[in-house]
Amino acid sequence: MYYTNGNYNAYMKPQKPKNIDGKSAYIVGAGLAGLAAAVFLIRDGQMEGKRITIFEELPVSGGSMDAILKPERGYVMRGGREMEEHFETLWDLFRSIPAQETPGASILDEYAWENQNDPSFSYARIIENKGQRVSDDGQLTLSQKAIREILNLALTEEKDLQDKKINEVFTEEFFKSNFWLYWATMFAFEPWASAMEMRRYLLRFVHHIATLSNMSALRFTKYNQYDSLILPLETFLKEQGVTFQYNSKVSNVIIENFGNKKTAKKILLIENDTEKTIELTENDLVFVTNGSITESSTYGTNTEPAPVPTEIGRSWQLWKNLAAQNNDFGRPEKFCENIPEANWVISGTITLTDDKVIPYIEKISKKNPHSGSIVTSGPVTIKDSNWLYGYSISRQPVFKTQKPNETIVWVYGLFSDKIGNYITKKITECNGIELCAEWLYHIGVPEKDIMDIATNYANTVPCYMPYITSYFCPRALGDRPLVVPEGSVNLAFIGNFAETEKDTVFTTEYSVRTAMEAVYQFLDIQRGVPEVFASSFDVRKLLNTLYYLNDQKSLDEIKKPLRDSILEKYVIRKIKGTYIEEIFKDEKLI
């Protein structure tokens with residue numbers, strides 16, 4: 001396997017791998033990573049679909065990219081994944097999946113057209129005082145000390161950040177900035193989270209610094225991501241003859257360790273309450289989605305909180321069973337145990353059933369939810385919320401079955417250990433009415449109307465996700481297994497708890513990238529895997545970032561000593577009259 005960029009490999013169909021007709025594949029998990037692995041096996045590996053089996057413990061595909069109408073509760077979305085143009089493997093995948101609404105088009109075509117016609121833009125990223133946009137929204141408000149801390153982290157090697165937390169590499173000045181508020185609530189970082197992951201995000205998304213406050217770099221699906229992305233993938237794979245075995249719980253993969261050679265020999269599973277064993281040969285490839293951020297999720301109702309989960313969940317137990325067989329298979333306990341109490345575990349799906357709240361939404365976001373345009377373009381963060389509450393409103397309808405008078409709002413709170421401002425409970429203790437009431441209070445609905453609307457004109461489904469922030473737990477090298485562990489003959493790890501260099505977890509891109517890398521390594525596919533977008537190596541992006549980190553100041557306006565530590569004056573003199581001076585001028589630094 002090798003990495004490439006440009007269109008030479010992007011447009012090239014690889015030759016059929018040797019001995020592919022004698023190989024089969026078993027994929028554990030029908031989330032995005034598992035579905036992507038199946039597509040790459042068929043498209044690039046030219047494996048027959050009938051030789052691929054996908055095991056899924058739930059009765060439905062999608063994993064964490066779910067959205068469903070639960071008849072006994074209502075519309076439910078556990079979350080949504082933000083996407084952008086430079087998810088190279090994701091778009092490589094969806095260029096090959098037929099669109100469901102436009103004959104002759106791909107999912108990528110439909111997605112791009114939707115975002116060209118209705119681009120993302122947030123008119124209010126941070127609010128306070130019951131729906132008022134904060135006065136400095138749009139500015140990053142970083143001190144020179146905080147900027148130096150960002151630069152220092154970016155320049156630190158990963159090996160020197162093992163098991164370190166974000167609050168161990170930044171001081172209080174940094175955490176008071178709008179930059180941190182934008183960053184934390186957009187990506188779900190907490191102060192206790194991994195400094196190693198924070199560094200990866202800084203390098204990976206350098207090109208987003210300029211648009212953190214308006215989120216114009218983001219791209220969104222027409223409907224919820226299950227309907228827009230997962231269902232087309234599932235449809236394509238079933239048409240290719242892939243076998244989906246739902247309600248199938250893989251408990252272990254038995255590994256034979258012989259020297260450095262690791263060979264998967266058996267799959268142990270429970271299918272519809274019946275224990276089964278699948279014997280494997282070296283030609284049987286096994287792709288395991290290890291761990292899950294939405295494992296053990298529970299749901300509440302308008303009148304009942306989501307129960308606190310008590311069991312670890314099968315995806316985590318499977319990883320533990322694998323890790324017990326070889327140290328190269330990672331350390332799952334680093335991610336699923338001892339998660340701090342002050343973390344995000346609750347989200348809620350609010351379905352408004354009339355237009356009473358629409359004027360308050362429109363006042364903040366300058367968009368009418370019934371217009372068909374994306375409303376908030378990502379999260380709106382409530383700065384003075386004890387829960388650090390936020391909400392997001394996508395294009396309506398979010399579900400194809402949604403009624404014209406319904407508006408769906410997704411809410412979440414990053415601090416689960418604090419008492420609310422209007423509802424005097426922790427977010428984990430709240431039922432749907434209370435989650436809705438807290439949101440209505442913060443967007444400016446008069447207090448006399450709050451409980452009536454939350455009770456009679458809204459249905460809110462709370463969801464408790466005990467592992468939703470586990471991607472960001474402080475970690476060391478080796479805590480996540482390599483996509484294909486050294487010496488592995490036929491076992492690969494896919495998804496966001498597998499390790500691939502430079503890319504960032506908690507993204508759809510990471511799921512697809514690990515799937516592509518696993519398939520390409522096992523089948524020796526002679527086509528390059530698109531490299532991670534190299535914005536941190538683009539001097540234009542770096543200079544543009546410097547400009548925005550300093551709230552759009554030129555070098556002359558930046559106070560010493562930061563200016564001198566970035567660029568000594570003689571450098572400015574040396575570049576005068578050269579194309580380098582043109583670049584600096586283009587990025588507004590001189």
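These are my notebook entries on a few places I looked up in this structure.

**Ground rules.** I am working with a predicted model, where local features need pLDDT of at least 70, side-chain atom pairs count only at pLDDT 80 or more, and totals for chains, interfaces and linings use all residues. Residues are numbered from 1 along each chain as its sequence is written, and side-chain values use heavy atoms, with hydrogens and water left out.

Entry 1: I started with an open sheet of five strands, whose order is 10-3-2-14-21 with parallel pairing. Strands here are DSSP runs of E with at least two residues, helices are runs of H or I with at least four, and both are numbered from the N terminus. Two strands pair if DSSP finds at least two bridges between them. Strand 10 and strand 21 (491–494) are the edges, each pairing on one side only. On average, neighbouring strands of this sheet are turned by 20 degrees against each other, direction ignored.

**Entry 2: strand 3.** Are the faces of strand 3 covered or open? Both faces of strand 3 (residues 52–55) are covered: Ile52 and Ile54 on one side, Thr53 and Phe55 on the other, are all buried. Buried means under 20% relative accessible area, exposed over 50%, and partly exposed in between (1.4 Å probe, protein chains only). Next I looked at the partners of strand 3. Strand 2 (residues 24–28) runs parallel to strand 3 and is joined to it by four bridges, with Tyr26 opposite Thr53. From strand 2 the chain crosses through helix 2 (residues 32–43) to strand 3, a right-handed β-α-β crossover. Right-handed means that, with the strands pointing away from the viewer, the path from the first strand over the helix to the second runs clockwise. Strand 10 (residues 243–245) is also parallel to strand 3, through three bridges, and there Phe55 stands opposite Gln245.

**Entry 3: Phe40.** I stayed with helix 2, where Phe40 is found. Phe40 is buried, with a relative accessible area of 0%. Which residues does Phe40 touch, leaving aside its neighbours within four places in sequence? Phe40 is in contact (heavy atoms within 4.5 Å) with Gly45, Thr89, Asp92, Leu93, Val512, Ala515, Met516 and Val519. I also noted Ala518: it lies 478 residues from Phe40 along the chain, yet their C-alpha atoms are separated by 9.6 Å.

**Entry 4: helix 8 and two partners.** The axes of helix 5 (residues 144–155) and helix 8 (residues 195–204) come within 9 Å and cross at roughly 100 degrees. Axes are lines fitted to C-alpha atoms, for helices over the stretch in contact, and angles run from 0 to 180 degrees between N-to-C directions. The contact uses Ile150, Leu153 and Ala154 of helix 5 and Ala195, Met198, Arg199, Leu202 and Leu203 of helix 8.

Then I turned to helix 7 (residues 178–187), which packs with helix 8 at an angle of about 100 degrees, with their axes 13 Å apart. Here the contact is made by Phe179, Trp180, Trp183 and Phe187 of helix 7 and Met198, Tyr201 and Leu202 of helix 8.

**Entry 5: Thr428.** Last, I went to a loop: Thr428 sits between strand 19 (407–413) and helix 13 (432–442). Is Thr428 buried or exposed? Thr428 is buried, with a relative accessible area of 18%. Beyond its neighbours within four places in sequence, Thr428 is in contact with Pro305, Ala306, Val345, Ile346, Ser416 and Tyr464.
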